[in-house]
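Take the walk below with the structure open beside you.

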Amino acid sequence: MSDTYEMTPLAHLYPGMVLADAVLDEHGHVLLAAGATLSEAAIVSLGRHAVGAVPVARAVPLSAPGDAEIQARIDHLFRHNDREDLGDWATGLLRRYVEDYRINGTRAPEVAS
Amino acid sequence: MSDAIHPLTREELMAGVDDLPSLPAVVMELLGSIEEEDLDIAVLSKKVASDPALMAKTLRLANSSAYGLQVKATTIQQATTFLGFEAMRKLIIAAALTGCFPAGRCPGFNDRAFWRHSIATAACARVLARRLRFNPDYAFTAGLLHGIGRLVLVSRFPERYQAVLSLRDKRDCELMDAERALLGLDHVEAGVALAEYWNFSDTMRQAIAYHRTPELPSAGFLATIVHVASAVVHALDLAGNPDELVPRVSAVAWTALGMSEEAWLQVFHETELQVDEMTAILVA
């Protein structure tokens, strides 16, 4: 139940995120209502009211992300790793295994723990 | 913010550590005595039971699916009989630590993501240790504690740390590099200072000190496990950070674990299975 929203710091807010709960100013007045979709202007305004973090609804994907999306995310995570840099082979190998795990369907067999 | 550009002195860091809330006495005792195996279970149970919140959290962890108990434990003593002393020590430490630092003091610092990363690293380190026939309970605790110095910096120097976070965003560098650039020291040093202040065992202190430099001869195998576990957790994107970044993996550490791809994929899977449930219990 605590996982339906995430307290997200201002620096990590993006337009299009949806508020899980109302955001109040220091006097208890509603700045933004629950369910509001954040706009660029709304984020700036939160900053002016010195709001540190707001409860953002966790995105519930309508469908599982496609392979291209997953690959893009993995590329983002490994953005400091250069595939051509053989001196950094260990990071490169981890990257390849994560790709196999997430995209290429090389699922590990279930093991009893 | 005006003092954000001045480096932190060692004295300021130590004063910051001094001001931290103290851990429950029983946890201090458990952290300091991690190599001792002859602590009395009855005494331990009594001490934990004197702190109802700690007891409840510890029991929820012990009864979580990661431990697969057939019968639910209702007392610390019972859980210790089922799981063993080492496992219980680890769970009590985890339950106490996650409630010890105030959240939300430093805007821009995502406390929840921090704990998700720490808990996932603990889970992954435990999975790795079991495979490599290393003590899984040490590995779990070391994984949980490896980044604890960051909380010292965030909770004692929130304005300066906000500047660190901005610099990280601006340069898209590792947080550690931004820490060094602005504070003159990093979370590893802060973690070692805390380990001394809270009287962690030498084993834990060493793992905290060397988890970013596992190739150094004095680092030890626990630092190697934690180094790789942390990288795996970054790579599996388990913390919930939009700007997650996988740090460079030490080739020495990777080689030392000597695992096949098949084994790695199983480790990924087992780690993912445990993270959500543990996080829900520890940072509710």
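Start at B:Tyr210, which lies in helix H13 of chain B. This is a predicted model, so what follows describes a prediction. Is B:Tyr210 buried or exposed? B:Tyr210 has 22 other C-beta atoms within 10 Å, and a residue counts as buried at 20 or more, so B:Tyr210 is buried. Look next at what B:Tyr210 touches. Leaving aside residues up to four places away in sequence, B:Tyr210 touches B:Leu216, B:Ala219, B:Gly220 and B:Ala223. Now find B:Gly104. B:Gly104 and B:Tyr210 are 106 residues apart in sequence. In space, C-alpha to C-alpha, the two are 28 Å apart.

Step back to the domains of chain B. The domain assignment gives domain 1 as 2-21 + 104-282 and domain 2 as 22-100. The C-alpha centres of these two domains of chain B lie 23 Å apart. Where they touch, domain 1 of chain B gives 18 residues and domain 2 of chain B gives 23 residues. Which elements supply two or more residues to the domain 1 side? They are helix H8 (136-145), helix H13 (202-210) and helix H16 (261-282) of chain B. H13 is the helix that holds B:Tyr210. On the domain 1 side of this contact, the residues divide into 11 nonpolar, 5 polar and 2 charged.

Move on to B:Cys100. B:Cys100 lies in the loop between helix H6 (85-97) and H7 of chain B. B:Cys100 has 16 C-beta neighbours inside 10 Å. Buried needs 20 or more and exposed needs 12 or fewer, so B:Cys100 counts as partly exposed. Compare its sequence distance and its spatial distance to B:Leu23. B:Cys100 and B:Leu23 are 77 residues apart in sequence. C-alpha to C-alpha, B:Cys100 and B:Leu23 are 7.0 Å apart in space.

Helix H6 of chain B also packs against another helix. The axes of helix H2 (residues 25-32) of chain B and H6(B) come within 10 Å and cross at roughly 130°. Which residues meet here? H2(B) brings B:Val27, B:Leu30 and B:Leu31. H6(B) brings B:Arg89, B:Ile92, B:Ile93 and B:Ala96. By type, the residues of this contact are 6 nonpolar, no polar and 1 charged.

Now follow H7 of chain B. The axes of helix H7 (residues 111-132) of chain B and helix H14 (residues 221-235) of chain B come within 8 Å. They cross at roughly 125°. That angle makes H7(B) oblique to H14(B). The crossing of H7(B) and H14(B) is right-handed. From H7(B), the contact uses B:His117, B:Ala120, B:Thr121, B:Cys124, B:Ala125, B:Leu128 and B:Ala129. From H14(B), it uses B:Ile225, B:Val226, B:Val228, B:Ala229, B:Ser230, B:Val232 and B:Val233. The residues of the contact of H7(B) with H14(B) divide into 11 nonpolar, 3 polar and no charged.

Two loop residues deserve a stop for their backbone angles. Most residues other than glycine have a negative phi. B:Arg133 has a positive phi of about 55° although it is not a glycine. B:Arg133 lies in the loop between H7 and H8 of chain B. Is B:Arg133 buried or exposed? With 7 C-beta neighbours inside 10 Å, B:Arg133 counts as exposed. B:Asp172 also has a positive phi, near 50°. B:Asp172 sits in the loop between helix H10 (158-171) and helix H11 (175-183) of chain B. B:Asp172 is exposed, with 10 other C-beta atoms within 10 Å.

Turn to chain A. Its secondary structure comes to 3 helices and 4 strands. Along the sequence, chain A follows the pattern β-β-β-α-β-α-α. Chain A has 113 residues, and 21% of them count as buried. Take the contacts in chain A between residues at least 6 apart in sequence: 55% of these join residues at least 24 apart.

Finish where the chains meet. The contact takes 30 residues from chain A and 34 residues from chain B. Strand E1 (5-9), helix H2 (67-77) and helix H3 (89-102) of chain A each supply at least two residues of the chain A side. The largest share of that side, 9 residues, comes from H3(A). The residues of the chain A side divide into 16 nonpolar, 8 polar and 6 charged.

Notes:
Residues are numbered from 1 along each chain as its sequence is written. Chains are lettered from A and ligands numbered from 1 in the order in which they are written. This is a predicted model: local features need pLDDT of at least 70, side-chain atom pairs count only at pLDDT 80 or more; totals for chains, interfaces and linings use all residues. Two residues are in contact if their C-beta atoms, placed from the backbone, lie within 7 Å. Ala, Val, Leu, Ile, Met, Phe, Trp, Tyr, Cys and Pro count as nonpolar, Asp, Glu, Lys and Arg as charged, and the others, Gly among them, as polar. Domain bounds come from an automatic or database domain assignment. Axes are lines fitted to C-alpha atoms, for helices over the stretch in contact, and angles run from 0 to 180 degrees between N-to-C directions. Angles under 35 degrees count as roughly parallel, over 145 as roughly antiparallel, 65 to 115 as roughly perpendicular and the rest as oblique. A crossing is left-handed if the near helix is turned anticlockwise from the far one by less than a right angle, and right-handed if clockwise.
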